[in-house]
Amino acid sequence: MSFKDIIDQQKEGMRAQARYGLIGLHLVSGPLVGLAMGYGLDCWLKTGPWLLLIFLFIGICAGFLNVWRDTRELLRKMDNERSGRMVDRSNKTG
């Protein structure tokens, strides 16, 4: 294994970490943004906790929607990589 192969493996590992870390970030950022917007609107309009609760719920839904989209995209990429490896193996054995 050459030095270039080791570097390429490390780059792929860092890309995977970034992809999976993004899922956690999306799960947290949606509710936080909704909470902040609801709190700000409640303070400005003096509506009590209602806008905070509404925007928190919207933020939670947005966070889970982003996680679902990211997960679906990652699974699609994993399937494409897996099918590409299957083709490579069949070409080597055939």
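**Exercise 1.** Which helix is alanine 62 found in, and is alanine 62 buried, partly exposed or exposed?

*Solution.* A quick note before we start: this is a predicted model, where local features need pLDDT of at least 70, side-chain atom pairs count only at pLDDT 80 or more, and totals for chains, interfaces and linings use all residues. Residues are numbered from 1 along each chain as its sequence is written, and side-chain values use heavy atoms, with hydrogens and water left out.

Step 1: look up the helix. Alanine 62 sits in H2, residues 50-93 (helices are DSSP runs of H or I, at least four residues, numbered from the N terminus).

Step 2: check the accessibility. Alanine 62 has 33% relative accessibility, so it's partly exposed (buried is under 20% relative accessible area, exposed over 50%, partly exposed in between, with a 1.4 Å probe and protein chains only).

**Exercise 2.** Find what histidine 26 touches, and its side-chain polar contact.

Step 1: list its contacts (heavy atoms within 4.5 Å). Leaving out residues up to four places away in sequence, histidine 26 touches Gly63, Asn66, Val67 and Asp70.

Step 2: pick out the polar contact (a pair of N or O atoms within 3.5 Å; within protein, one must be able to donate a hydrogen and the other to accept it, and residues adjacent in sequence count only if both atoms are side-chain atoms). The side chains of histidine 26 and aspartate 70 make one at 2.5 Å.

Note on methods:
Helices (H or I, at least four residues) and strands (E, at least two) are DSSP runs, numbered from the N terminus.
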